[in-house]
Amino acid sequence: MHKNLRFVPLMLICCLAIARGAAPATAPGRIAVFADARVPRLTAGCADPKRLEELLRSPQRDIIFLNVEQLADPKQLSPESIDLLVLPYGPSLPKAAEESVRSFLKGGGDFVSTGGYTFDNLYRAKVDPAIEL
């Protein structure tokens, strides 16, 4: 495993703690993890969504996975329903979800990106496998 990846779970937990600061103590933290098999993995820092779910799962957290369509839907991706958005694919983000993710962030939503700056590679439905690592 890459040396820097061992800090990802700690970073995610810290971000969750910050995101949970404004929520009532009885409400579970709701974390949405983007998961899509078609995403171009352009950096070594991309994380496996299932592994992230294993690391973050606890009785105090509700972990859900969002596909491209759900990520692009502002009704499903809102700061009122999601405490923390985890984008595990580094610079790769579906073009279809760009506006909903930006709205989520502008509305006060928190997020963590592993492996790079999220908006560097906005991809469409058809991905060229030649551009991956």
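Phe34 is buried, with a relative accessible area of 1%, where buried stands for under 20% relative accessible area, exposed for over 50% and partly exposed for what lies in between, using a 1.4 Å probe and protein chains only. The model is a predicted one, in which local features need pLDDT of at least 70 and side-chain atom pairs count only at pLDDT 80 or more, while totals for chains, interfaces and linings use all residues. Residues are numbered from 1 along each chain as its sequence is written, and side-chain values rest on heavy atoms, with hydrogens and water left out.

**Confidence and overall layout**

- The pLDDT, which is the predictor's confidence in each residue from 0 to 100, averages 77 over the chain, and 67% of the residues score at least 70.
- Over residues 22-26 the pLDDT is below 50, and this stretch has one contact in the model beyond near neighbours in sequence, a contact being heavy atoms within 4.5 Å.
- The chain holds four helices and six strands, which are DSSP runs numbered from the N terminus, with H or I over at least four residues for helices and E over at least two for strands.
- Along the sequence these elements follow the pattern α-β-α-β-α-β-β-α-β-β.
- Of the 133 residues of the chain, 41% count as buried, and among contacts between residues at least 6 apart in sequence, 80% join residues at least 24 apart.

- Four strands form an open sheet in the order 2-1-3-5 with parallel pairing, where two strands pair if DSSP finds at least two bridges between them.
- Strand 2 and strand 5 (110-113) are the edge strands, each of them pairing on one side only.
- Neighbouring strands of this sheet are turned by 20° against each other on average, direction ignored, with axes taken as lines fitted to C-alpha atoms, for helices over the stretch in contact, and angles running from 0 to 180 degrees between N-to-C directions.
- Strand 1 (residues 29-34) has five of its six residues buried; six bridges link strand 1 to strand 2 (residues 61-66) in the parallel sense, and three bridges join strand 1 to strand 3 (residues 84-87), also in parallel.
- Ile31 stands opposite Ile63 in strand 2 and opposite Leu84 in strand 3, whereas Val33 stands opposite Val86 in strand 3.
- Helix 2 (residues 49-56) lies across strand 1, strand 2 and strand 3, and runs at about 170° to strand 2.

**The aromatic pair**

- One aromatic pair is found in a search of the whole structure, the criterion being that rings of Phe, Tyr and Trp (its six-membered ring) have centres within 6.5 Å, with planes under 30 degrees apart counted as stacked, over 60 as edge-to-face and the rest as tilted.
- The rings of Phe34 and Tyr89 have centres 5.5 Å apart and planes at 90°, so this pair is edge-to-face.
- Because Phe34 lies in strand 1 and Tyr89 in the loop between strand 3 and strand 4 (92-94), the pair ties together parts that are 55 residues apart in sequence.
- Tyr89 is buried, with a relative accessible area of 2%.

**Nonpolar cores**

- The largest nonpolar core has 18 residues, and those with the most contacts inside it are Phe34, Leu66, Leu71, Leu77, Leu85, Leu87 and Val101; such a core is a set of buried Ala, Val, Leu, Ile, Met, Phe, Trp, Tyr and Cys residues joined through side-chain atoms within 4.5 Å.
- At least two residues of this core come from each of strand 1, strand 2, helix 3 (68-71), strand 3 and helix 4 (98-106).
- A second, separate core of nine residues includes Ile31, Val33, Leu56 and Val86.
- Not counting residues up to four places away in sequence, Leu66 touches Ala32, Val33, Phe34, Ala35, Leu71, Leu77 and Leu85.

- Leu77 lies in the loop between helix 3 and strand 3 and is buried, with a relative accessible area of 2%.
- Leaving aside neighbours within four places in sequence, Leu77 is in contact with residues including Leu66, Ile82, Ser100, Val101 and Phe104.
- The C-alpha atoms of Leu77 and Ser100, 23 residues apart along the chain, are separated by 7.0 Å.
- In helix 4, Glu98, Ser100, Val101 and Phe104 are buried, and the cover over the buried residues of this helix includes helix 3, strand 3, strand 4, strand 5 and strand 6 (121-123).
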